[in-house]
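Have the structure open while you read.

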Amino acid sequence: MIDILIVLGLFLVIAIPLGKYLYHITAKEKTFADPLFDRVDRFLFRLCGIKDEAMNWKQIAGALLLVNATMMILGFLILKVQEVLPFNPNGSTSMEGSLAFNTVISFMTNTNLQHYAGESALSNLSQMLVIVFLMFTSAASGLAVAMATMRGFSGKFSSLGNFYEDVIRILTRVLLPLSLLIGVILVSQGVIQNFSPTLTIQTLEGAYQNIAMGPVAALEAIKNLGTNGGGFFAANAAHPFENPSVVTNIIEMVSMMAIPGACVVAFGWMVRKNKRESWLKNQATVLFAVMGVLLIFSIVLISWSERSANPLTQGLNIQQAIGNMEGKEIRFGITHSSLFAAITTAFTTGAVNTMHDSLMPLSGLSTLLNMMLNLVFGGKGVGLINMLLYVLLTVFICGLMVGRTPEYLGKKIEAKETKLTALAIIIHPLLILAGTALAVVLSVGLSGISNPGSHGLSQILYEFASSAANNGSGFEGLIDNTAFWNIATGVVMVGGRYISIVIALAIAGSLSKKPVVSESIGTLQTNTMTFGGSLLMIIVIIAALTFLPVLVLGPISEHLMLFR
Amino acid sequence: MSQKKQKTVLTKGLIHEAVLDSFKKLNPAVMIKNPVMFVVEVGFALTLVLSFMPGLFGDVGHNLSSYNLLVTFILFLTLLFANFAEAVAEGRGKAQAASLKQTQKDMKATRVDAEGQEEAINANLLHKGDVVIVRAGEIIPGDGEVIEGLASVDESAITGESAPVIKETGGDFSSVTGGTTVTSDWLKIEITSESGESFLDKMIALVEGASRQKTPNEIALNTLLISLTIIFMVVIVTLYPIALYSGVRIQISTLVALMVCLIPTTIGGLLSAIGIAGMDRVTRFNVIATSGKAVEACGDVDTMILDKTGTITYGNRMANAFIPVGRNSKSEVVNAAVRCSLSDSTPEGKSILKLAQEEGQDIPTGLKYESIEFTAQTRMSGADFENGESYRKGASDAICAYVIQQGGIIPADLEEHVNAVSKLGGTPLVVCRNQQIMGVIYFKDTIKEGLVDRFARLRQIGIKTIMCTGDNPLTAATIAQEAGVDGFIAESKPEDKIAVIKKEQAQGKVVAMTGDGTNDAPALAQANVGIAMNSGTIAAKEAANMVDLDSNPTKILDVVEIGKQLLITRGALTTFSIANDLAKYFAIIPAIFITAIPQLQVLNAMGLSTPSSAILSALIFNAIIIPCLIPLAMKGVHYKPMSSNRMLRHNMMIFGLGGILAPFIGIKLIDLGISPLLALLGI
């Protein structure tokens with residue numbers, strides 16, 4: 001309990017000032033670090049030929065797609081020929097086509113679904129040039145889009161900004177320095193950072209064991225900070241070299257939460273009405289509170305359900321009192337494993353320190369729900385964007401009840417915005433449900449399931465929810481390195497990432513051009529508890545209940561049959 | 001169309017007509033305009049086929065055929081109910097239109113050509129520019145301007161107001177409307193609209209709903225409802241294979257039932273009825289809106305520009321007191337005031353005589369005098385008497401200038417008295433005899449009853465009121481304070497109104513105003529909501545997006561509330577419809593899977609008796625909630641002004657929370673009712 005409070009407390013302590021810093025970067029206001037970074041940025045801008053030109057939403061979307069596509073192609077090529085490239089101490093072979101396709105998409109879309117084991121399938125060069133590089137750029141891309149979206153919504157900026165400039169500023173001012181800091185702390189706590197080949201040692205029992213080595217700390221820092229989640233090792237954050245102790249576990253959780261939380265805070269600063277507005281009356285406070293309620297619900301549900309032992313283990317020589325320890329690390333225990341599972345799915349990171357396949361059914365349900373909602377803080381920037389889409393939906397449905405045509409932050413929400421919002425909201429369930437339906441009718445899909453029945457359905461559902469939400473964790477029981485799973489999840493990841501991002505940009509572009517309507521006592525107040533309650537109701541009914549039928553067949557049935 | 005006639009909302013004939021219409025509207029070509037209900041119709045067709053060929057898609061089950069038939073029947077009712085809602089809303093308009101059409105059909109005209117030759121023709125052969133003569137007892141054949149003559153006209157066919165109005169050439173009372181009747185004398189009228197485009201035609205089209213276009217907000221809401229329908233269709237279509245994987249073969253009719261329950265049929269079925277009923281409420285207030293968009297814009301109004309005279313005050317200023325200045329006595333002032341008003345036939349002039357009589361002054365008769373009419377140049381009126389005395393009354397500055405010119409002096413306390421009257425919100429008129437200023441007449445303008453409360457209501461919902469008046473700033477300020485308006489423009493000219501409107505609009509505000517004169521036309525066009533008075537000029541009516549048939553400018557307040565009520569009703573029923581889904585999920589989902597997974601019984605929160613009964617109860621609830629909500633859709637959600645946050649909380653409690661709870665109770669009750677019947681049928 002105290003650990004949970006410490007993590008949530010640290011989250012607030014870090015996210016709030018970081019949010020203000022993010023706001024200063026977005027609004028191009030002065031920060032303490034300008035003297036240094038301005039020089040670096042000017043050099044980089046000159047080097048890349050970036051001019052400080054305003055872009056419209058189409059240009060930003062175009063730039064995002066072009067830059068990401070280029071990076072994916074380069075990444076794909078490196079993975080295909082890593083065999084002959086340097087920094088390959090273990091002689092990893094080049095990657096199979098569909099797996100390489102899945103891998104580059106997975107890292108470019110900030111998903112980090114890993115259908116491979118990092119320590120054996122990737123050379124150190126691939127880890128750094130493909131994996132770590134894409135971890136930085138995908139995070140920066142998502143954040144840059146969020147900045148443009150925030151500018152559009154706030155109506156205080158003359159344009160949505162310049163995508164290239166934003167990406168560079170995010171990299172130099174946020175991601176690189178913070179990763180460096182976190183990396184150093186992690187190294188101090190025992191996370192490894194080297195270029196050694198795999199170490200072979202003789203164990204006490206006399207057997208030989210291969211121990212993989214590599215630049216882990218560098219990857220670990222951006223993995224969490226950028227809500228990427230792809231581990232250096234297949235065991236991800238359960239591996240002692242990635243996450244040696246409770247202290248590093250806390251550091252990693254807090255670094256996952258920092259930027260998504262800060263984005264909401266930054267949004268609050270962006271749309272602040274005036275200098276006298278108290279934080280209680282801020283627009284972002286409601287969003288933060290609604291996200292917070294959903295997060296706490298998830299933490300409580302997982303912690304509670306993991307605390308009860310699996311009835312199937314009753315009678316085996318297993319202590320029932322300590323709860324469900326299957327698939328968990330002793331050093332993390334129930335508390336830190338449950339907390340990590342909730343946070344990694346809520347903040348759509350996808351790093352795992354416990355086997356999600358071994359979670360109790362209701363915990364599995366909660367992790368699934370976090371990804372199905374995809375707005376419980378969510379990935380950096382993207383979670384906020386999704387939440388804003390639901391805000392628009394709520395404003396439209398409930399806002400009419402104050403007797404005015406719907407408006408948000410002084411902008412009228414009309415047919416065009418409604419259409420785009422609705423489209424963005426359709427995409428997510430469509431990708432998850434259609435993907436799942438496809439997998440259960442095709443033998444290539446069904447063959448991946450390692451457990452029949454409802455748990456098997458949860459495995460499939462989890463894989464698609466994780467792909468569509470760009471989370472990247474898996475119910476690792478699924479045998480997913482097959483052409484079907486590589487291609488199907490690849491397509492879902494692209495759809496889940498880019499469709500909603502482009503739509504959000506279109507909405508921001510449309511809103512930014514609208515005249516601001518005046519506010520009076522008759523205007524819908526979107527910074528109140530009442531609105532927060534309405535928002536929560538719409539999220540539960542439209543985002544969560546959409547998945548109720550499949551959840552009933554998956555985790556809920558499993559739970560009911562387990563505790564009959 | 002009088003208010004009384006309107007109250008009889010649903011007659012037998014109307015309902016009969018509406019029932020017929022709801023069958024006619026089943027035509028898929030008509031239905032597709034409402035995509036949500038179209039999906040229901042497709043589902044209906046599917047279950048109809050399955051009622052006779054239950055095994056078509058390999059479904060098996062006990063008594064499947066009769067189960068499917070029941071589902072089909074309920075879906076059919078759902079469609080009829082939705083159609084009925086729309087038909088009832090349209091029906092009321094149609095009845096009005098029919099009587100108007102009758103008027104139009106019988107109209108004859110007497111055309112006068114350039115030589116003055118008269119010719120009787122059918123009214124629909126008239127063209128713009130034709131001149132007609134209309135005599136007492138005849139109906140005016142088209143919209144036009146009076147070019148000759150003076151007559152009283154009965155406009156009750158259009159306005160429902162039976163008191164005749166005087167129409168004459170020139171000025172603000174020169175426009176006439178087709179379909180109204182000349183009751184005395186005659187008028188020569190130049191026709192200003194082509195046949196088919198007259199005000200009467202527009203009104204028929206409007207009340208009939210023929211020209212009804214979806215409003216922007218309705219289009220946006222429709223898009224949203226379609227998207228929700230698509231989301232639920234995705235859920236349903238993917239559920240079939242996923243359930244198959246889990247070992248459950250869901251019957252197609254059950255899938256259709258689940259889908260129809262989840263998609264927003266309640267609001268989908270009532271949406272157009274809400275819109276039509278909203279327009280209808282405006283029409284029943286005797287206001288004709290040119291489009292639903294205008295009514296919707298009313299809900300958004302932030303600022304109202306109101307004329308003082310006629311809108312805020314009754315407008316006829318009445319003499320209230322005589323105030324002597326200098327060393328004059330009261331009776332001297334009264335005497336002077338009476339003498340300069342003997343020939344004054346204006347309401348102001350008459351009120352002076354009336355007040356004087358009340359104060360005990362006799363009105364002298366038989367005096368010889370030459371009356372001096374008010375002109376815009378002199379800005380005073382009065383009379384020159386045989387004995388050489390001349391009396392004048394007028395605005396303070398005009399009289400002062402006149403007196404000084406005559407060599408008189410201005411009493412020191414004049415300004416003080418004039419200002420005192422102005423401060424009280426009155427209009428001071430100064431009276432003089434020859435070159436001597438006698439005193440001041442205090443004219444008072446009274447604020448209409450109940451307006452102070454109305455303005456307070458408006459302030460509660462954040463609407464700012466600005467009063468426009470030609471009065472001086474002092475007078476304006478007093479009236480403004482007394483009435484409780486938020487701002488005023490004194491000594492305003494028509495162009496000032498446009499300037500204020502533009503200034504408010506630049507701040508992102510939605511502005512409403514009323515006007516009648518031709519010089520109001522540009523401002524009416526500039527305002528987001530412009531309401532012209534029917535008594536006003538054609539130019540004003542064309543520039544406005546609403547016309548008030550009773551020419552009562554205060555009505556703008558009601559129209560704004562109707563606009564708000566329309567939007568609230570739409571939002572409330574949408575919220576209700578979506579909130580209903582929670583209970584429906586909990587009725588149907590356990591019912592579908594309970595045979596395969598008996599443990600799901602715990603999700604059967606309502607304790608519904610059998611799976612078939614659960615599904616049918618949810619479906620029946622989904623159908624009958626539509627007719628249950630028709631009265632609400634037609635009347636509109638009860639509207640009470642309060643701050644937006646309180647209003648949201650209030651409505652969320654009723655329609656959000658209520659929408660979640662109501663179906664739990666409703667479905668349970670229906671289940672209790674139908675489960676014995678279903679048991680008899682063996683379903």
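Predicted model: local features only at pLDDT ≥ 70, side-chain atom pairs only at ≥ 80, totals over all residues.

The rule picks out two salt bridges across the interface of chain A and chain B.

**Who touches whom**
- On the side of chain A that touches chain B, the elements giving two or more residues are α13 (382-399), α14 (415-441), α16 (453-468), α18 (529-544) and α19 (548-562) of chain A.
- α14(A) gives the largest share of that side, 14 residues.
- Sorted by class, this side of chain A has 40 nonpolar, 17 polar and five charged residues.

**Extent of the interface**
- Chain A puts 62 residues into the contact, and chain B puts in 62 residues.
- Between them the chains bury about 5,100 Å², and 77% of that is on carbon and sulfur atoms.

**Cavities**
- Searching the whole structure turns up eight cavities of 30 Å³ or more.
- The largest cavity holds about 210 Å³ of space.
- It is lined by 20 residues, and the closest to its centre are Asn386(A), Ala424(A), Ile425(A), His428(A) and Pro429(A).
- Elements with two or more residues in this lining are α12 (361-373), α13, α14, α17 (483-513) and α18 of chain A.
- Here too, α14(A) provides the largest share, six residues of the lining.
- By class, the lining of the largest cavity comes out at 14 nonpolar, six polar and no charged residues.

Terms used: Residues numbered from 1 in each chain as written. Chains lettered and ligands numbered in written order. Heavy atoms only, no water. Contact = heavy atoms within 4.5 Å. Buried area = accessible area lost by both parts, 1.4 Å probe. Salt bridge = Lys/Arg side-chain N within 4 Å of Asp/Glu carboxyl O. Helix = DSSP H or I, 4+ residues; strand = E, 2+ residues; numbered from the N terminus. Nonpolar A, V, L, I, M, F, W, Y, C, P; charged D, E, K, R; others polar. 1 Å grid on protein atoms, 1.4 Å probe; cavity = no way out; pocket = protein on both sides within 12 Å on 5 of 7 lines; lining within 4 Å. Points joined across faces, edges and corners; volume = space filled by probe spheres on them.
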